[in-house]
Structure formats: C-alpha cells, structure tokens
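Keep the 3D view open and look up each residue as you meet it.

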Amino acid sequence: MLPECQLFGTLGCHLCEIAEAEIMPFVERGLMVELVDITDPDDLTDVYGLRIPVLRRVDTGAELDWPFESQQLVAFLR
C-alpha cells in the first residue's frame with residue numbers, strides 16, 4: 001500500500017509542475033497526494049521557500065527535495 005503524501009509548492013512554480021508530472025504515474029496507481037501551497041493558509045515560505053517542490057510522507061514525515069525522478073520516488077515510497 002502506498003503512503004499518503006503532501007507535495008509542497010506554490011502557483012507559478014515551473015519546477016512544481018515538473019514534479020507533479022513525475023508523481024502522476026504513482027497517483028494513477030493509487031498514491032494519495034495533497035498539494036500544499038506554501039503561502040496559504042499557513043505561511044510555510046520560511047521552511048520550504050528555497051526547497052520547493054518537496055514531497056513529504058504523512059506517515060513518517062520524511063521529505064524528498066527536488067530534483068527527484070521515478071527511481072528515487074519508488075525508494076522513497078517503500
């Protein structure tokens with residue numbers, strides 16, 4: 001079973017759009033991903049502003065910073 005995740009990013013971030021596309025095949029296989037805008041509602045810019053996009057596992061709190069690719073995602077989701 002795939003863990004639930006959050007993808008931290010913001011509107012207009014082209015790297016975030018690339019990360020979403022990289023994650024999409026996993027979503028199609030059942031991965032639950034909540035898109036979290038770092039500027040709303042809680043301002044997370046200080047934490048993630050220079051790191052986005054960041055994929056975070058809800059169950060463990062582990063984070064995977066960009067850049068990442070499919071092989072890294074597979075290992076991260078295990």
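1. Let's begin with the rings. The structure holds two aromatic pairs; rings of Phe, Tyr and Trp (its six-membered ring) pair if their centres lie within 6.5 Å, with planes under 30 degrees apart called stacked, over 60 edge-to-face and the rest tilted. Phe-8 and Tyr-48 have ring centres 4.3 Å apart and planes at 10°, so this pair is stacked. Phe-8 belongs to strand S1 and Tyr-48 to helix H2, so the pair ties together parts that are 40 residues apart in sequence. Helices (H or I, at least four residues) and strands (E, at least two) are DSSP runs, numbered from the N terminus.

2. A word on the source before going on. This is a predicted model, in which local features need pLDDT of at least 70 and side-chain atom pairs count only at pLDDT 80 or more, while totals for chains, interfaces and linings use all residues. Residues are numbered from 1 along each chain as its sequence is written, and side-chain values use heavy atoms, with hydrogens and water left out.

3. Next, follow the strands, where two strands pair if DSSP finds at least two bridges between them. S1 (residues 5–9) and S3 (residues 54–57) run antiparallel, joined by four bridges; Gln-6 has Arg-56 as its bridge partner in S3. S3 also runs antiparallel to S4 (residues 63–65), with three bridges, and Val-54 stands opposite Asp-65. Five residues lie between the strands in the S3 and S4 hairpin, where Gly-61 takes a positive phi near 80°.

4. How many salt bridges does a search of the whole structure find? The search finds three, each being a side-chain nitrogen of Lys or Arg within 4 Å of a carboxyl oxygen of Asp or Glu. Glu-63 meets Arg-51 at 2.7 Å, N to O. Because Glu-63 lies in S4 and Arg-51 in the loop between helix H2 (45–48) and S3, this pair ties together parts that are 12 residues apart in sequence. Asp-65 also meets Arg-51, at 2.8 Å, and this pair links parts of the chain 14 residues apart.

5. Arg-57 forms a salt bridge with Asp-59, with the closest N and O atoms 2.7 Å apart. Arg-57 counts as buried at 9%, whereas Asp-59 counts as exposed at 52%. Shared partners join Arg-51, Glu-63 and Asp-65 into one network. Arg-51 is partly exposed at 27%, as is Glu-63 at 31%.

6. Finally, look for the largest pocket, which holds about 180 Å³ of space. S1, helix H1 (14–28) and strand S2 (33–37) are the elements that give two or more residues to its lining. Among the lining residues are Leu-7, Cys-13, Glu-17 and Val-36. The lining divides into six nonpolar, three polar and three charged residues; Ala, Val, Leu, Ile, Met, Phe, Trp, Tyr, Cys and Pro count as nonpolar, Asp, Glu, Lys and Arg as charged, and the others, Gly among them, as polar. A pocket is an open set of points on a 1 Å grid over the protein atoms alone, where a 1.4 Å probe fits, with protein on both sides within 12 Å along at least five of seven lines; lining residues have an atom within 4 Å of a point. The volume is the space filled by probe spheres set on the points.

Notes. Buried means under 20% relative accessible area, exposed over 50%, partly exposed in between (1.4 Å probe, protein chains only).
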